[in-house]
Amino acid sequence: MALRTPLEEVHRDLGARFTEFGGWFMPLRYSSALRETIAVREAVGIFDVSHMGRIVISGGGARSFLNYATSNSIPGRPGRTRYTLFLNNLGGIKDDDIAMVLEDTKYILVVNAASREKIISWIDEVRESWGGSELSVEDETEETAMVAVQGPKAVQTVREILGENLPGRKFRVAHLEDRGLVVSRTGYTGEDGYEIIFFDQDEGATFFREAVAMGAQPCGLEARDILRLEAGLPLYGEDMNEETDPFEADLEFAVDMEKEDFIGKEALEKKRDRGREKKRVGLRATGRRAPRPGDRLLTGDGEEVGIVTSGAFSPTIGLGIGMGYVQIESSRPGTRLSSLGPRGKISVEVVETPFYDQDRYGWKRKVQG
Amino acid sequence: MIPDDRRYTKTHEWAKMEGDLVRVGITDHAVEELGDVTYVEVKRVGTRVAKGEPMGFVESNKAVEDIYAPVSGEIVEVNAAAGVAEEGREVESAPDPVSEDPYGSGWIAAIRPDDPSEYSGLLSPEDYRKLLEEEK
């Protein structure tokens, strides 16, 4: 049985169509996913992301444990967030997560829905070899709600509802303990905005309704997937898995090889010395058809050099886009390939991501939406 | 919405007899299942298609689904004005009419049937309505 979001009634009232994702019954779309996507790029959209796992890691050993159990350097200063990876002993990616520092000794880890149980048992396993003590792990996912507000008008919208004490800078987090909120300036769309954890689930539902009443477009998982693809952000389980290492997934920035020790480090050192054979790249089609997961990537000579892992039509650029893994020799931007699926070939080009013009879209934009 | 002036398939195409041609599209229900239709392609004008065999496909954000020919015959028209592409010839315009007006301006192609009596073997609007209720 799929888990139900505490906001289900809100979504029903808004006419959502549902889907099962990561073991949860979640909104797929409310009307048109393309329009929902454009609303986020041009104004503001709101998403129920209560399916994401929320694990509180606390105690004197919390930071040391996270530094040992995950790949990136975990900050100690409250108010910081960090994208980090759980790796297996072979250096393969077990999950990609955000660690948020709430207090010196209290962190919240946001993990992928489908990985939650796996990561909780992995944490138990890693604890044994860690050797430290003073660690408490609590899965708060089913007792809380989580909402993302994204887009050029997102910050303004959230401030109007929640007031002023919110993180002023990208990637910061505020723990508003008296109000039962954790508000982080993070997201999975490429746009500015907030992700908000509500310790009182009803408040999450009220907030969602208020934001919609103020003009935020309710957005489902379909728009969320298009948005993250347009931004070039990989999806765990689709664009990476336990067989993928962070170098080939193009996630080196989430690995701190200078750290004394962490799970998977030894394997990664060997991989680094050997060099990578393939790499995750962005693929932009020449037309509206999108490359699709499982499509084979071929050179002009018909040589197979890679595989597509995700794809969709991008309403922002009006072309099919995707992601995949290609051999290093074919990974240079500008490389032309064809993507071969069950319904024939389409032409694609290896491109840098985000796919959109960063002067016009995304949190680094110059022009205000 | 299931118009009474045409017939249907179990795979959610509609077919409408117009003179000696059968006009073909996808149903409202198909559009709802797919979400935004982002690309539609059918075999080229002049191609022979067999009843129940793929005559093209529809792409949406996350899915690609075949369009099955409701009758055997020859493709004689492709609705380029609605953004429907002929095989191997991509079009620039969005196939928005296919999602927005699937029974009208969003028709996909027209077939000259080999045997017009095949048409009467398709699902009646009433049968199709029942099918959708069973699928719920």
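**Entry 1: chain B on its own**

I am working from a predicted model. I began with the secondary structure of chain B, which comes to 4 helices and 10 strands. I then read off the order of its elements from the N terminus: β-β-β-α-β-β-β-β-β-β-α-β-α-α.

Next I looked up the overall dimensions. The C-alpha trace of chain B spans about 35 × 35 × 20 Å along its principal axes. Its radius of gyration is 14 Å, and a compact globule of 136 residues would come out near 14 Å, so chain B agrees with that expectation. I noted that 52% of the 136 residues in chain B are buried. I also checked the contacts between residues at least 6 apart in sequence: 65% of them join residues at least 24 apart.

**Entry 2: the interface**

I turned to where the two chains meet. Here 23 residues of chain B are in contact with 19 residues of chain A. The area buried between them is about 1,700 Å², and carbon and sulfur atoms give 38% of that. Which residues of chain B lose the most area to chain A? I found Asp36(B), Asn61(B) and Lys62(B), which together account for 34% of what the chain B side buries.

Then I went through the polar side of the interface. I have 14 residue pairs in polar contact between the chains, both residues at pLDDT 80 or more. The elements of chain B that each supply at least two residues to the side touching chain A are helix H1 (28-34), strand S4 (37-42), strand S6 (54-60) and strand S7 (64-68). By residue class, that side of chain B divides into 8 nonpolar, 5 polar and 10 charged.

The salt bridge count between the chains is 4. I looked up one pair: the side chains of Arg289(A) and Glu59(B) meet in a salt bridge at 3.2 Å, N to O.

**Entry 3: Glu238(A)**

Glu238(A) lies in the loop between helix H7 (221-230) and helix H8 (265-274) of chain A.

I listed its contacts, leaving aside neighbours within four places in sequence. Within chain A, Glu238(A) is in contact with Arg228(A), Pro293(A), Thr309(A) and Ser310(A).

How values were computed: Residues are numbered from 1 along each chain as its sequence is written. Chains are lettered from A and ligands numbered from 1 in the order in which they are written. This is a predicted model: local features need pLDDT of at least 70, side-chain atom pairs count only at pLDDT 80 or more; totals for chains, interfaces and linings use all residues. Side-chain values use heavy atoms; hydrogens and water are left out. Contact means heavy atoms within 4.5 Å. Buried area is the accessible area (1.4 Å probe) that two parts lose on being put together, summed over both. A polar contact is a pair of N or O atoms within 3.5 Å; within protein, one must be able to donate a hydrogen and the other to accept it, and residues adjacent in sequence count only if both atoms are side-chain atoms. Ala, Val, Leu, Ile, Met, Phe, Trp, Tyr, Cys and Pro count as nonpolar, Asp, Glu, Lys and Arg as charged, and the others, Gly among them, as polar. The radius of gyration is taken over C-alpha atoms; the globule rule is 2.2 Å times the number of residues to the power 0.38. Buried means under 20% relative accessible area, exposed over 50%, partly exposed in between (1.4 Å probe, protein chains only).
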